[in-house]
Amino acid sequence: MSPFDLLLQQIINGLSLGSMYALLALGFTIVYGIMELINFSHFNVFMIGSFVAMGVLSLFGLQGQSILMHGAPLVVALIVALVVTMVACGLLGVLIERVALRPLRGVQGPMAMITTIGVSYVLSNATMLALGANTKNFPNPIPPMTFHIGTAQITAFQIVIWVLSALLMGGLYMFVQRSKLGKAMRATAQDPDAALMMGVEVNRVIMTAFFLGSALAGAAGFIFGLYYNFTNFGIGFTAGLRAFTAAVLGGIGNIPGAMLGGILIGLIEAMAGQYVGAKWADVIIFSLLVLVLIARPAGLLGRLAPTKS
Amino acid sequence: MLEFRNVNTYYGDLHVLKNVNYNLGAGEIICLLGGNACGKSTTMKTIMGIVRPTSGEVIFEGQRIDKLSTAERVRRGIAPVLEARRLFPRMTVFENLEMGAFTRKRGPEFNEDLDRVYTLFPRVKERRDQQAGTLSGGEQQMVAIGRALMARPKLICMDEPSMGLSPLFVEQTFEIIQTINRQGVTIFMVEQNAAMALSIAHRAYVLQTGQVVLSGPASELRENEQIREAYLGEMQVAAE
Ligand SMILES: Nc1ncnc2c1ncn2[C@@H]1O[C@H](COP(=O)(O)OP(=O)(O)OP(=O)(O)O)[C@@H](O)[C@H]1O
Ligand SMILES: [Mg+2]
């Protein structure tokens, strides 16, 4: 491979990984925008998403690395797995909010955030106890079709990731911009008291934020499995921390910022793997984070001190 | 139409409203005067349900509302114009108006109300696609009033509508308030600008450290020595 093709290849890989991080980062940012809460349980909603997806695929007989289905049946299986995963994770997010976080609403200080860390550990340990600590093989059901640009290659599965991420992120953006509930979400993020006095029901807005964020985390968990072909109870912490970093890098609370941050982190991970060694990825990611926050404390697209009186 | 019966409101240990009684008649403009920190905004928050009274009753159109959610109160016809406007800064003017109509179905009535707002404030129509945070203070006030009208309210509660506006603009705002009132909307208005407020109000209440110390027709309060000393000093200077 020529140096140029090598670079191109890493950009292709980075965009795929970045889409996953972006989907995951959105959940942090949506919830933070509305509640100023960093929700660490999000890490393991993502992890559980990968297991749900694996479970649904196995119901279709899709297991291991061999290609067992083609054409329409495969597409149906993938779509069903995606929808089930997203809905299940969305409901899990709503449940976490209802059971663990709502009782703490209005309590000052870091209690709610600490609670989300606790919930995160409960989810990962429960998964470990129920399904075992060993790493599972995630099926690889998409035929290895490839397209070439020079010697760099794009696999069919990467295109699936891009299209899926673009649809989900576009859908989220349209929802937040256009729908009544989406506007209520934005209004609540900008001025919660004023939104309340317009008659917005805050609980509904918060539930929506958790549902949407967690559903996207489910989609990201599915993509993780497809990309790396494994999953285990611990994936939430590494990928989740990177996605959280992406949200902060882009400006936490800012939706386009989370998308941008996610893509950047994905590109860095891919480049680091190619040029300096994968083990340096986190060093580079967090160094960049520090540098960006020194120059722009609110993140790349964030605003300092939101206009609130 | 709206009544407070022996309302007591606390923030933690801080007793703000102390046995407060108000009685607003339908179709009136009532203003609430008082110095800083006497509980004027707390009165508005109690009406909207942001603060709950510890004892006493809030009655709207014959029914107790003090246990209802804010959304339900808005649905029943109470809309706020908040202290310092409080528009949604990164939403457009039109979206802010939409938020005013949040509890209502989108339909022909929405368009009627929109027309009414645009007729009252042609400037708001011009700026409909601008981010609300980038409007001037005066324009923001128009949008804030328009946003309240979009709820098709029977009662509008305004917290210091003249705050931070130029004298000319204050005058325009008060004219608009009278126009809205003539269209049948009851107005309950907190004001520090007592002279202006009393000139358009039918009745007024004076609040002092959480207690109603005076109330009566605006014309009487204008003549009242105490009020003249405490709140109308500026008007006299201006008139001389
Ligand atoms: N959320 C709150 N928590 C604690 N105390 C509060 C809160 N809101 C208001 N207070 C206190 O209650 C008292 C009355 O406040 P309020 O906002 O009703 O005053 P106000 O009459 O509107 O004053 P101003 O003219 O300055 O707007 C003040 O002493 C204030 O500090
Ligand atoms: Mg006040």
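This is a predicted model: local features need pLDDT of at least 70, side-chain atom pairs count only at pLDDT 80 or more; totals for chains, interfaces and linings use all residues.
1. B:Cys38 is in no disulfide, and the nearest cysteine sulfur, which belongs to B:Cys31, is 12 Å away. B:Cys38 is buried, because its relative accessible area is 4% and buried means under 20%. Over in the other chain, A:Cys89 counts as buried too, at 1% relative accessibility.

2. The shell has 15 residues, and the ones that come nearest are B:Asn36, B:Lys40, B:Ser41, B:Thr42 and B:Gln192. Sorted by class, the shell has six polar, five nonpolar and four charged residues. In chain B, strand S2 (14–24) and helix H1 (40–48) each supply at least two of the shell residues. H1(B) gives the most, with four.

3. Polar contacts to ligand 1. Two of these involve the backbone: a polar backbone atom of B:Ala37 is 2.9 Å from an oxygen atom of ligand 1, and a backbone N or O atom of B:Gly39 is 3.0 Å from a ligand 1 oxygen. A side chain takes part as well, with an N or O atom of B:Glu160 at 3.4 Å from an oxygen atom of ligand 1. As for cover, ligand 1 has 630 Å² of accessible area on its own, and the protein covers 63% of that.

4. The magnesium site. Which residues coordinate the magnesium ion (ligand 2)? They are B:Ser41, through OG, and B:Glu83, through OE, at 1.9 to 2.7 Å. The pair links distant parts of the chain, 42 residues apart: B:Ser41 belongs to helix H1 of chain B, while B:Glu83 sits in the loop between strand S6 (78–81) and helix H3 (93–100) of chain B. B:Ser41 counts as buried, since its relative accessibility is 17%. B:Glu83 is partly exposed, because its relative accessible area is 31%. Note that B:Ser41 also turns up among the residues that come nearest to ligand 1.

5. Positive phi angles. A bit of background first: most residues other than glycine have a negative phi. B:Ala37 is not a glycine, yet has a positive phi of about 65°. B:Ala37 sits in the loop between strand S3 (29–34) and H1 of chain B. Is B:Ala37 buried or exposed? Exposed, because its relative accessibility is 80% and the cut-off for exposed is over 50%. Remember that only the protein chains count as cover in that value, and that a backbone atom of B:Ala37 is 2.9 Å from a ligand 1 oxygen. B:Asn19 is another non-glycine with a positive phi, about 50°. B:Asn19 is placed in strand S2 of chain B and is partly exposed, with a relative accessible area of 47%.

6. Two other spots to look at. B:Val170 is found in helix H7 (residues 167–182) of chain B and counts as buried at 5% relative accessibility. From B:Val170 to B:Glu160 it is 10 residues in sequence and 11 Å in space, C-alpha to C-alpha. In chain A, have a look at A:Asn254, in the loop between helix H9 (235–250) and helix H10 (255–275). A:Asn254 counts as buried, at 12% relative accessibility, and a polar atom of the A:Asn254 side chain lies 3.0 Å from the backbone oxygen of A:Leu301.

Definitions and conventions. Residues are numbered from 1 along each chain as its sequence is written. Chains are lettered from A and ligands numbered from 1 in the order in which they are written. Side-chain values use heavy atoms; hydrogens and water are left out. A residue is near a molecule or strand if one of its heavy atoms lies within 4 Å of it. A polar contact is a pair of N or O atoms within 3.5 Å; within protein, one must be able to donate a hydrogen and the other to accept it, and residues adjacent in sequence count only if both atoms are side-chain atoms. Accessible areas come from the Shrake-Rupley method with a 1.4 Å probe; for residues, only the protein chains shown count as cover. Ala, Val, Leu, Ile, Met, Phe, Trp, Tyr, Cys and Pro count as nonpolar, Asp, Glu, Lys and Arg as charged, and the others, Gly among them, as polar. Donors are N, O and S atoms within 2.8 Å of the metal (3.2 Å for Na, K and Ca); water is not among the atoms, so sites may look incomplete. Buried means under 20% relative accessible area, exposed over 50%, partly exposed in between (1.4 Å probe, protein chains only). A disulfide is a pair of cysteine sulfur atoms within 2.5 Å.
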